[in-house]
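Hi everyone, thanks for coming.

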Amino acid sequence: MTQSHESVASLPLLSAEKLIVMPRQRFQWHHVAGIALGFVIVLCLVSPIRKVNSKTFDAGGKWDALDMERDLTLPSQDQQDQVEVVDQAVHVMGIDVFYRLAAPPKDVTPTGVNILFLHGAAFNSETWEQLGTLQTFAAMGHRVFAVDLPGAPESLTQRVVDPNYRGDFLRVFIDSVEGGIRPVVVVAPSMSGTYAFPLLIQHPEYFRGFVPVAAVASTVLTSDSKLMAQIIVPTLAIHGQKDSPVNVKNSQKFQKLKFGVVKEIPDARHPAYLDNPQLFHTLLKNFIQHILDHEA
(Lines give C-alpha, C1' and ligand atoms only; values in the text may rest on other atoms or scores of the structure.)
Protein backbone atom coordinates (compact mmCIF):
# COMPACT_ATOMS: atom_id res chain seq x y z
CA MET A 1 0.00 0.00 0.00
CA THR A 2 1.33 3.38 -0.98
CA GLN A 3 1.40 5.83 1.91
CA SER A 4 0.66 9.45 1.03
CA HIS A 5 0.74 11.32 4.33
CA GLU A 6 -0.02 15.01 4.17
CA SER A 7 0.02 17.58 6.94
CA VAL A 8 -3.50 18.85 7.57
CA ALA A 9 -4.21 21.58 10.07
CA SER A 10 -6.84 20.90 12.70
CA LEU A 11 -10.03 22.88 12.66
CA PRO A 12 -9.96 26.22 14.47
CA LEU A 13 -10.41 25.80 18.23
CA LEU A 14 -10.63 22.00 17.86
CA SER A 15 -7.76 19.63 18.46
CA ALA A 16 -7.45 16.30 16.71
CA GLU A 17 -7.67 14.57 20.08
CA LYS A 18 -11.11 16.05 20.68
CA LEU A 19 -12.32 14.87 17.33
CA ILE A 20 -11.40 11.21 17.75
CA VAL A 21 -12.61 10.15 21.17
CA MET A 22 -14.76 7.08 20.76
CA PRO A 23 -13.51 3.46 20.79
CA ARG A 24 -14.95 1.26 18.07
CA GLN A 25 -17.81 -0.91 19.35
CA ARG A 26 -19.67 -3.85 17.89
CA PHE A 27 -22.15 -2.53 15.35
CA GLN A 28 -25.75 -2.22 16.54
CA TRP A 29 -28.57 -0.50 14.67
CA HIS A 30 -29.75 1.30 17.82
CA HIS A 31 -26.31 2.95 18.01
CA VAL A 32 -26.88 4.44 14.56
CA ALA A 33 -30.34 5.63 15.56
CA GLY A 34 -28.87 7.36 18.59
CA ILE A 35 -26.24 9.09 16.49
CA ALA A 36 -28.91 10.27 14.05
CA LEU A 37 -30.94 11.76 16.89
CA GLY A 38 -27.84 13.54 18.11
CA PHE A 39 -27.39 15.17 14.71
CA VAL A 40 -30.93 16.55 14.83
CA ILE A 41 -30.03 18.34 18.04
CA VAL A 42 -26.55 19.49 17.04
CA LEU A 43 -27.44 20.81 13.61
CA CYS A 44 -30.23 22.93 15.01
CA LEU A 45 -27.43 25.00 16.54
CA VAL A 46 -25.07 25.29 13.58
CA SER A 47 -24.55 28.35 11.44
CA PRO A 48 -26.93 29.05 8.53
CA ILE A 49 -26.52 27.12 5.30
CA ARG A 50 -23.94 28.50 2.87
CA LYS A 51 -24.71 29.18 -0.75
CA VAL A 52 -23.34 26.90 -3.42
CA ASN A 53 -20.45 28.70 -5.09
CA SER A 54 -19.34 26.01 -7.55
CA LYS A 55 -20.86 25.36 -10.94
CA THR A 56 -24.36 26.59 -11.76
CA PHE A 57 -26.83 23.78 -12.35
CA ASP A 58 -29.92 24.16 -14.53
CA ALA A 59 -32.14 21.08 -14.57
CA GLY A 60 -33.39 21.99 -18.02
CA GLY A 61 -36.88 20.68 -17.30
CA LYS A 62 -38.79 18.82 -14.64
CA TRP A 63 -36.12 17.12 -12.55
CA ASP A 64 -38.32 14.38 -11.10
CA ALA A 65 -39.42 13.35 -14.60
CA LEU A 66 -35.90 12.35 -15.64
CA ASP A 67 -35.43 8.82 -16.92
CA MET A 68 -32.44 7.61 -14.93
CA GLU A 69 -32.59 4.25 -16.71
CA ARG A 70 -32.41 5.74 -20.21
CA ASP A 71 -28.95 4.40 -21.06
CA LEU A 72 -28.20 0.83 -20.09
CA THR A 73 -24.73 0.82 -21.64
CA LEU A 74 -21.95 0.35 -19.09
CA PRO A 75 -18.23 -0.23 -19.66
CA SER A 76 -17.39 -3.79 -20.64
CA GLN A 77 -15.33 -6.07 -18.43
CA ASP A 78 -12.37 -5.55 -20.76
CA GLN A 79 -12.68 -1.77 -20.32
CA GLN A 80 -12.93 -2.15 -16.55
CA ASP A 81 -9.83 -4.35 -16.54
CA GLN A 82 -7.84 -1.43 -17.95
CA VAL A 83 -8.44 0.53 -14.73
CA GLU A 84 -5.84 0.40 -11.98
CA VAL A 85 -7.10 0.80 -8.43
CA VAL A 86 -4.38 2.32 -6.24
CA ASP A 87 -4.19 2.12 -2.44
CA GLN A 88 -3.46 5.45 -0.75
CA ALA A 89 -3.52 7.03 2.70
CA VAL A 90 -3.83 10.60 3.91
CA HIS A 91 -3.34 12.15 7.36
CA VAL A 92 -6.57 13.81 8.51
CA MET A 93 -7.04 15.40 11.91
CA GLY A 94 -4.46 13.29 13.64
CA ILE A 95 -5.21 9.91 12.09
CA ASP A 96 -4.23 8.01 8.95
CA VAL A 97 -7.14 7.41 6.60
CA PHE A 98 -7.00 4.74 3.90
CA TYR A 99 -8.66 5.25 0.54
CA ARG A 100 -8.70 3.72 -2.94
CA LEU A 101 -8.24 5.77 -6.08
CA ALA A 102 -9.21 4.75 -9.61
CA ALA A 103 -8.28 7.15 -12.41
CA PRO A 104 -9.37 6.95 -16.06
CA PRO A 105 -7.13 4.78 -18.28
CA LYS A 106 -4.77 6.65 -20.60
CA ASP A 107 -6.96 6.09 -23.68
CA VAL A 108 -10.09 7.49 -21.97
CA THR A 109 -10.83 11.22 -22.01
CA PRO A 110 -11.24 12.54 -18.43
CA THR A 111 -14.62 14.09 -17.66
CA GLY A 112 -13.34 16.24 -14.80
CA VAL A 113 -15.82 14.63 -12.41
CA ASN A 114 -14.66 13.41 -9.01
CA ILE A 115 -16.78 10.80 -7.23
CA LEU A 116 -16.37 9.89 -3.56
CA PHE A 117 -17.89 6.66 -2.26
CA LEU A 118 -18.49 6.39 1.48
CA HIS A 119 -19.82 3.19 3.04
CA GLY A 120 -22.17 1.69 5.61
CA ALA A 121 -21.21 0.47 9.08
CA ALA A 122 -20.66 -3.15 8.06
CA PHE A 123 -18.60 -2.32 4.94
CA ASN A 124 -15.49 -0.45 3.79
CA SER A 125 -13.87 0.83 0.60
CA GLU A 126 -13.14 -2.70 -0.58
CA THR A 127 -16.87 -3.19 -1.16
CA TRP A 128 -16.80 -0.75 -4.06
CA GLU A 129 -13.78 -2.40 -5.67
CA GLN A 130 -15.23 -5.90 -5.35
CA LEU A 131 -18.50 -4.67 -6.84
CA GLY A 132 -16.64 -3.20 -9.82
CA THR A 133 -17.94 0.27 -9.04
CA LEU A 134 -14.55 1.97 -8.94
CA GLN A 135 -13.49 0.35 -12.21
CA THR A 136 -16.82 1.05 -13.92
CA PHE A 137 -16.84 4.78 -13.28
CA ALA A 138 -13.13 5.28 -13.88
CA ALA A 139 -13.59 3.56 -17.26
CA MET A 140 -16.19 6.24 -18.04
CA GLY A 141 -13.55 8.95 -17.52
CA HIS A 142 -14.33 9.92 -13.93
CA ARG A 143 -11.80 10.05 -11.09
CA VAL A 144 -13.13 7.78 -8.35
CA PHE A 145 -12.34 7.60 -4.64
CA ALA A 146 -13.52 5.21 -1.93
CA VAL A 147 -12.59 5.87 1.68
CA ASP A 148 -12.34 3.68 4.77
CA LEU A 149 -14.10 5.81 7.37
CA PRO A 150 -12.39 5.62 10.79
CA GLY A 151 -13.53 2.54 12.69
CA ALA A 152 -14.55 0.65 9.56
CA PRO A 153 -13.64 -3.04 9.27
CA GLU A 154 -9.92 -3.30 8.39
CA SER A 155 -9.43 0.49 8.46
CA LEU A 156 -6.09 1.97 9.53
CA THR A 157 -7.56 3.00 12.88
CA GLN A 158 -10.23 1.49 15.11
CA ARG A 159 -11.01 4.87 16.64
CA VAL A 160 -14.12 6.59 15.35
CA VAL A 161 -14.95 10.24 14.82
CA ASP A 162 -17.11 11.96 17.41
CA PRO A 163 -20.56 12.35 15.79
CA ASN A 164 -20.49 16.10 16.41
CA TYR A 165 -17.51 16.52 14.07
CA ARG A 166 -18.14 14.03 11.26
CA GLY A 167 -19.11 16.72 8.77
CA ASP A 168 -15.88 18.57 9.57
CA PHE A 169 -13.89 15.38 9.18
CA LEU A 170 -15.35 14.71 5.73
CA ARG A 171 -14.67 18.32 4.71
CA VAL A 172 -11.00 18.09 5.69
CA PHE A 173 -10.67 14.72 3.96
CA ILE A 174 -12.06 16.16 0.71
CA ASP A 175 -9.67 19.11 0.96
CA SER A 176 -6.69 16.85 1.72
CA VAL A 177 -7.00 14.14 -0.92
CA GLU A 178 -4.98 14.74 -4.10
CA GLY A 179 -4.72 18.44 -3.29
CA GLY A 180 -8.50 18.77 -2.92
CA ILE A 181 -11.30 17.17 -4.94
CA ARG A 182 -14.25 19.50 -4.45
CA PRO A 183 -16.82 19.90 -5.77
CA VAL A 184 -17.37 16.15 -5.66
CA VAL A 185 -20.25 13.77 -6.22
CA VAL A 186 -20.72 12.11 -2.82
CA VAL A 187 -22.32 8.66 -2.58
CA ALA A 188 -23.39 8.04 1.02
CA PRO A 189 -24.94 4.72 2.00
CA SER A 190 -26.52 4.08 5.39
CA MET A 191 -24.27 5.07 8.35
CA SER A 192 -22.14 7.38 6.22
CA GLY A 193 -25.06 9.80 6.15
CA THR A 194 -23.81 10.89 9.58
CA TYR A 195 -20.79 12.34 7.73
CA ALA A 196 -22.50 13.55 4.57
CA PHE A 197 -25.58 15.38 5.83
CA PRO A 198 -23.78 17.76 8.22
CA LEU A 199 -21.39 18.68 5.40
CA LEU A 200 -24.22 19.12 2.91
CA ILE A 201 -26.09 21.43 5.27
CA GLN A 202 -23.10 23.53 6.32
CA HIS A 203 -21.00 23.41 3.13
CA PRO A 204 -23.10 22.54 0.05
CA GLU A 205 -20.37 24.07 -2.11
CA TYR A 206 -18.40 20.85 -1.59
CA PHE A 207 -21.02 18.87 -3.52
CA ARG A 208 -21.34 18.56 -7.28
CA GLY A 209 -24.01 15.96 -6.66
CA PHE A 210 -25.32 13.91 -3.76
CA VAL A 211 -26.46 10.28 -3.74
CA PRO A 212 -27.83 9.13 -0.37
CA VAL A 213 -28.52 5.39 -0.37
CA ALA A 214 -30.93 4.76 2.51
CA ALA A 215 -28.66 7.12 4.41
CA VAL A 216 -28.89 7.49 8.18
CA ALA A 217 -29.53 10.96 9.64
CA SER A 218 -31.53 12.15 6.63
CA THR A 219 -34.27 13.52 8.88
CA VAL A 220 -31.85 16.27 9.89
CA LEU A 221 -32.58 17.65 6.43
CA THR A 222 -35.96 16.24 5.40
CA SER A 223 -37.76 17.26 8.60
CA ASP A 224 -37.00 20.94 7.96
CA SER A 225 -38.94 22.35 4.98
CA LYS A 226 -37.09 25.67 5.11
CA LEU A 227 -33.75 23.89 5.00
CA MET A 228 -34.94 21.62 2.19
CA ALA A 229 -35.83 24.68 0.12
CA GLN A 230 -32.27 26.00 0.44
CA ILE A 231 -30.55 22.84 -0.85
CA ILE A 232 -29.94 23.23 -4.57
CA VAL A 233 -27.46 20.38 -4.95
CA PRO A 234 -28.54 17.79 -7.56
CA THR A 235 -29.62 14.77 -5.50
CA LEU A 236 -30.41 11.17 -6.40
CA ALA A 237 -31.86 9.25 -3.44
CA ILE A 238 -31.78 5.47 -3.80
CA HIS A 239 -33.35 2.78 -1.63
CA GLY A 240 -34.14 -0.90 -1.88
CA GLN A 241 -37.72 -2.11 -2.23
CA LYS A 242 -37.20 -4.55 0.66
CA ASP A 243 -35.62 -2.02 3.00
CA SER A 244 -37.51 -1.06 6.15
CA PRO A 245 -40.64 1.11 5.72
CA VAL A 246 -38.96 3.88 7.71
CA ASN A 247 -35.94 3.98 5.40
CA VAL A 248 -38.13 3.92 2.29
CA LYS A 249 -40.28 6.75 3.62
CA ASN A 250 -37.24 8.85 4.52
CA SER A 251 -35.73 8.30 1.08
CA GLN A 252 -38.92 9.35 -0.68
CA LYS A 253 -38.80 12.73 1.06
CA PHE A 254 -35.87 13.79 -1.12
CA GLN A 255 -38.40 14.23 -3.92
CA LYS A 256 -39.20 17.58 -2.29
CA LEU A 257 -35.75 18.98 -3.07
CA LYS A 258 -35.59 21.40 -5.98
CA PHE A 259 -33.21 19.06 -7.82
CA GLY A 260 -34.14 15.84 -6.07
CA VAL A 261 -35.15 12.53 -7.62
CA VAL A 262 -35.88 9.23 -5.87
CA LYS A 263 -35.31 5.77 -7.31
CA GLU A 264 -36.22 2.38 -5.86
CA ILE A 265 -34.25 -0.74 -6.74
CA PRO A 266 -36.71 -3.66 -7.04
CA ASP A 267 -36.31 -6.64 -4.70
CA ALA A 268 -33.28 -5.03 -3.05
CA ARG A 269 -32.47 -4.85 0.64
CA HIS A 270 -30.91 -2.06 2.69
CA PRO A 271 -27.56 -2.15 0.81
CA ALA A 272 -29.46 -2.00 -2.50
CA TYR A 273 -26.30 -1.64 -4.60
CA LEU A 274 -25.29 -5.20 -3.62
CA ASP A 275 -28.50 -6.78 -4.90
CA ASN A 276 -28.52 -5.06 -8.30
CA PRO A 277 -25.17 -3.39 -9.01
CA GLN A 278 -25.95 -2.99 -12.73
CA LEU A 279 -29.07 -0.93 -12.06
CA PHE A 280 -27.27 1.02 -9.34
CA HIS A 281 -24.43 1.81 -11.74
CA THR A 282 -26.89 2.79 -14.47
CA LEU A 283 -28.79 5.16 -12.19
CA LEU A 284 -25.58 6.80 -11.02
CA LYS A 285 -24.18 7.01 -14.56
CA ASN A 286 -27.24 8.83 -15.89
CA PHE A 287 -27.43 11.08 -12.85
CA ILE A 288 -23.85 12.26 -13.36
CA GLN A 289 -24.35 12.63 -17.10
CA HIS A 290 -27.40 14.81 -16.51
CA ILE A 291 -25.37 17.04 -14.21
CA LEU A 292 -22.71 17.43 -16.89
CA ASP A 293 -25.34 18.15 -19.55
CA HIS A 294 -26.85 20.99 -17.55
CA GLU A 295 -23.95 22.73 -15.88
CA ALA A 296 -23.30 26.25 -17.03
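Predicted model: local features only at pLDDT ≥ 70, side-chain atom pairs only at ≥ 80, totals over all residues.

The chain has 296 residues, and 54% of them count as buried. The accessible surface is about 13100 Å², and carbon and sulfur atoms make up 50% of that. Now think about who touches whom.

Okay, let's zoom in on helix α6, which runs over residues 166-176. How many of its residues are buried? Ten of the eleven, so to speak a mostly covered helix. The buried set includes R166, D168 and R171, along with F169, L170 and F173.

Look at the end of that helix, where you'll find S176. Is S176 buried or exposed? Its relative accessible area is 4%, and the cut-off for buried is under 20%, so S176 counts as buried. And what does its side chain reach? The backbone oxygen of V172, at 2.6 Å. V172 is on the list of buried residues in α6 too. Once α6 is over, you come to E178, which has a positive phi, near 50 degrees.

Now bring in the partner, helix α7, residues 193-202. The axes of α6 and α7 come within 7 Å of each other and cross at roughly 80 degrees. Because of that angle, we call the two helices roughly perpendicular. Which residues meet there? From α6 we have R166, G167, F169, L170, R171 and I174, and from α7 we have T194, Y195, A196, P198 and L199. Sort the residues of that contact by type and you get seven nonpolar, two polar and two charged.

What about the cover on α7? Ten of its ten residues are buried, so α7 is largely enclosed by the rest of the structure. Among those buried residues are F197, L200 and I201, and also Q202 at the end of the list.

Where is P183? It sits in the loop between α6 and strand β7, which covers 184-189. The peptide bond from R182 to P183 is cis, with omega near -5 degrees.

Next, jump back to helix α5, residues 133-139, where T133 is found. T133 has a relative accessible area of 0%, so it is buried. Leaving out residues up to four places away in sequence, T133 touches F117, W128 and H281.

Last stop: two alanines in one loop. A214 is in the loop between β8 (207-213) and α8 (219-222), and A217 is in the loop between β8 and α8 as well. A217 isn't a glycine either, and its phi is positive at about 80 degrees. As for cover, A214 is buried at a relative accessible area of 6%, and A217 is buried at 5%.

That's my tour, so over to you for questions.

Terms used:
Residues numbered from 1 in each chain as written. Heavy atoms only, no water. Buried < 20%, exposed > 50% of the residue type's maximum accessible area, 1.4 Å probe, protein only. Areas by Shrake-Rupley, 256 points an atom, 1.4 Å probe, with all protein chains shown as cover. Helix = DSSP H or I, 4+ residues; strand = E, 2+ residues; numbered from the N terminus. Polar contact = N/O pair within 3.5 Å; in protein donor to acceptor, adjacent residues only side chain to side chain. Axes fitted to C-alpha atoms, helices over the stretch in contact; angles between N-to-C directions. Parallel < 35°, antiparallel > 145°, perpendicular 65-115°, else oblique. Contact = heavy atoms within 4.5 Å. Nonpolar A, V, L, I, M, F, W, Y, C, P; charged D, E, K, R; others polar.
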